[in-house]
Amino acid sequence: MKNLIFLFLLISVVSFGQSAGNSGLAFLKFGFGARNIAMGDAGSSASNDLSALYYNPSRLVSFESNQAMFMHSEWIQDVTSEVGGIKWNMFNLPWAVGFNVTSVSDIDVRERPGEAISSFNANYFFISLSSGFSVIKDLDFGTTVKYIYEGILNDQSAGYGLDFGLNYLTPVKGLTASTVLRNIGSMSALNIVGTKLPLDFRLGGAYNYNFPTAKLDLIVTGEFQKYLDADDFHINTGGEIMYNETFAARVGYQTGYEARGFTAGIGVAWGNLRFDYAYTPFSLGLGNANQFSLQFSF
């Protein structure tokens with residue numbers, strides 16, 4: 001138990017020991033899997049499929065099935081993403097490869113107030129490799145390494161990022177505790193200065209309870225999130241109720257954002273296939289975000 005406490009505290013100390021500052025590459029903050037996004041984006045604690053490669057790679061250890069997933073995201077302000085991944089088992093370890101292709105279209109170019117003289121697209125991309133293993137009984141460790149690219153007008157930049165996390169199955173049946181530090185790394189210069197990665201620390205838990213007579217599964221989750229380059233923090237909370245392992249309804253809430261907070265979504269499973277949808281309304285006239293994901297287990 002002392003080793004467990006030490007490992008959790010180690011991640012916390014390393015996280016908050018980093019200096020704050022401005023960062024870019026906001027696409028690294030977008031979630032993966034409509035299920036997680038609908039549950040307040042609390043995926044570091046609640047991800048139970050290959051989407052863990054994005055949120056907390058240690059959670060890849062807790063399930064054995066091979067999976068493939070694809071998500072289409074329509075964010076606000078003409079931001080679209082195609083995100084996917086595949087997970088398999090090899091050498092008694094879980095392995096997962098993921099990717100994210102994000103673009104911002106029709107950005108106006110102006111030299112003075114008035115009509116734009118032209119427009120361009122901004123493009124972002126990463127590809128990642130994840131794995132994990134059991135450190136001791138009920139305690140799993142995972143890590144992700146990713147190659148990151150950004151291209152804006154005529155300028156390009158590339159770099160690498162690293163995530164590592166822990167997942168602990170507590171003595172309380174159905175209760176897990178998780179922590180993760182994401183986006184440790186750097187980028188080459190974009191024109192003059194390299195973009196700083198959004199260093200992300202999360203700590204939280206999830207509780208799963210089954211009602212066998214009603215064929216219902218309930219999951220509630222909550223986590224503390226801190227981007228270490230910002231002064232504020234976020235509390236991500238969410239819940240899911242699933243009937244007969246087939247139909248799911250989800251809801252979530254995130255604090256600390258000016259223009260959004262509420263999230264919701266649904267899911268339908270049929271055999272080895274699962275379809276999920278997430279909806280995030282924005283205020284201030286920004287519109288709404290919609291995510292659609294399809295998962296196949298094999």
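This is a predicted model: local features need pLDDT of at least 70, side-chain atom pairs count only at pLDDT 80 or more; totals for chains, interfaces and linings use all residues.

Colleague: Which radius of gyration does the chain have, against that of a compact globule?
Modeller: For 298 residues, a compact globule would have a radius of gyration near 19 Å. The C-alpha trace spans about 65 × 40 × 35 Å along its principal axes. The chain agrees with the globule value, because its own radius of gyration is 19 Å.

Colleague: What percentage of the residues in the chain is buried?
Modeller: A residue is counted as buried when its relative accessible area is under 20%. The chain exposes about 14,400 Å², of which carbon and sulfur atoms supply 62%. Among the 298 residues, the buried share is 47%.

Colleague: Which strand gives the most to the lining of the largest pocket?
Modeller: The largest pocket holds about 910 Å³ of space. It is lined by 37 residues, and Arg35, Asn48, Arg59, Asn208 and Ile219 are the closest to its centre. By class, the lining has 13 nonpolar, 14 polar and ten charged residues. With four residues, the leading contributor is strand 10 (residues 200-211).

Colleague: Which residues lie nearest the centre of the second largest pocket?
Modeller: About 440 Å³ of space lies in this second largest pocket. Its lining divides into ten nonpolar, seven polar and six charged residues. Of the 23 lining residues, those nearest the centre are Lys29, Trp75, Tyr257, Arg260 and Phe282.

Conventions. Residues are numbered from 1 along each chain as its sequence is written. Side-chain values use heavy atoms; hydrogens and water are left out. On a 1 Å grid over the protein atoms alone, a cavity is a set of points where a 1.4 Å probe fits but cannot get out, and a pocket is an open set with protein on both sides within 12 Å along at least five of seven lines; lining residues have an atom within 4 Å of a point. Grid points are joined across faces, edges and corners, and a volume is the space filled by probe spheres set on the points. Helices (H or I, at least four residues) and strands (E, at least two) are DSSP runs, numbered from the N terminus. Ala, Val, Leu, Ile, Met, Phe, Trp, Tyr, Cys and Pro count as nonpolar, Asp, Glu, Lys and Arg as charged, and the others, Gly among them, as polar. The radius of gyration is taken over C-alpha atoms; the globule rule is 2.2 Å times the number of residues to the power 0.38. Buried means under 20% relative accessible area, exposed over 50%, partly exposed in between (1.4 Å probe, protein chains only). Accessible areas come from the Shrake-Rupley method with a 1.4 Å probe; for residues, only the protein chains shown count as cover.
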